[in-house]
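Hello,

Here is the structure I promised to pass on. Have a look at it first, and then read my notes below.

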Amino acid sequence: MSEVLSTAQSLEKTIRESDEFAKLKSQYDKVFADESTKRMFENFRNIQLNLQEKQMMGQPISEEEVQKAQQVVAVIQQNDLIAQLLEAEQRMSTLIAEVNKIVMKPLEELYNDQMK
């Protein structure tokens with residue numbers, strides 16, 4: 001196995017052991033322990049994924065779909081468990097974005113140097 005892949009596997013292990021991931025998993029477990037909160041969250045995710053899929057395929061999103069999504073967001077923001085899960089997801093997403101920026105730096109520098 002190449003050194004890069006070995007390092008990536010080590011990074012995966014480090015992420016799994018990170019405070020950010022532990023907090024995310026804890027919040028996820030809390031949301032899914034309560035049936036009504038779980039259903040509310042799953043409904044939100046399904047709407048979110050549907051809109052993202054349409055967007056990626058270049059399909060128009062209707063005003064009705066936008067309003068429905070906004071209504072669901074307003075409802076879930078009032079649920080403390082889901083709000084805390086979304087905050088934990090955001091922190092994890094930020095961490096992954098920072099890792100990606102570091103990992104991609106050699107390619108970015110290579111392409112930027114070639115463009116000069």
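In what follows, contact means heavy atoms within 4.5 Å. Please keep in mind that this is a predicted model.

I began with helix α4, which covers residues 63-76. Its 14 residues reach 20 Å from the first C-alpha to the last, close to the 20 Å expected at 1.5 Å a residue. Which residues of α4 are buried? They are Glu65, Ala69, Val72 and Ile76. These four sit on the same side of α4, because they cover an arc of only 65° around the axis. An α-helix has 3.6 residues a turn, so residues three or four places apart point the same way. The other side of α4 has Glu63, Glu64, Gln70 and Gln71, which are exposed. As for partners, the buried residues of α4 pack against α3 (35-56) and α5 (80-114).

That leads on to α3. This helix has 22 residues and spans 31 Å between its first and last C-alpha, close to the expected 32 Å. Buried in α3 are Thr37, Phe41, Phe44, Ile47, Leu51 and Lys54. Seen down the axis, they fall within an arc of 160°, so they line one face of the helix. Asn46 and Met56, on the other side of α3, are exposed. The buried residues of α3 pack against α2 (19-33) as well as α4 and α5.

Best wishes

Key
Residues are numbered from 1 along each chain as its sequence is written. This is a predicted model: local features need pLDDT of at least 70, side-chain atom pairs count only at pLDDT 80 or more; totals for chains, interfaces and linings use all residues. Side-chain values use heavy atoms; hydrogens and water are left out. Helices (H or I, at least four residues) and strands (E, at least two) are DSSP runs, numbered from the N terminus. The expected span of a helix is 1.5 Å times one less than its number of residues. Buried means under 20% relative accessible area, exposed over 50%, partly exposed in between (1.4 Å probe, protein chains only). The arc is that of the directions from the helix axis to the C-beta atoms.
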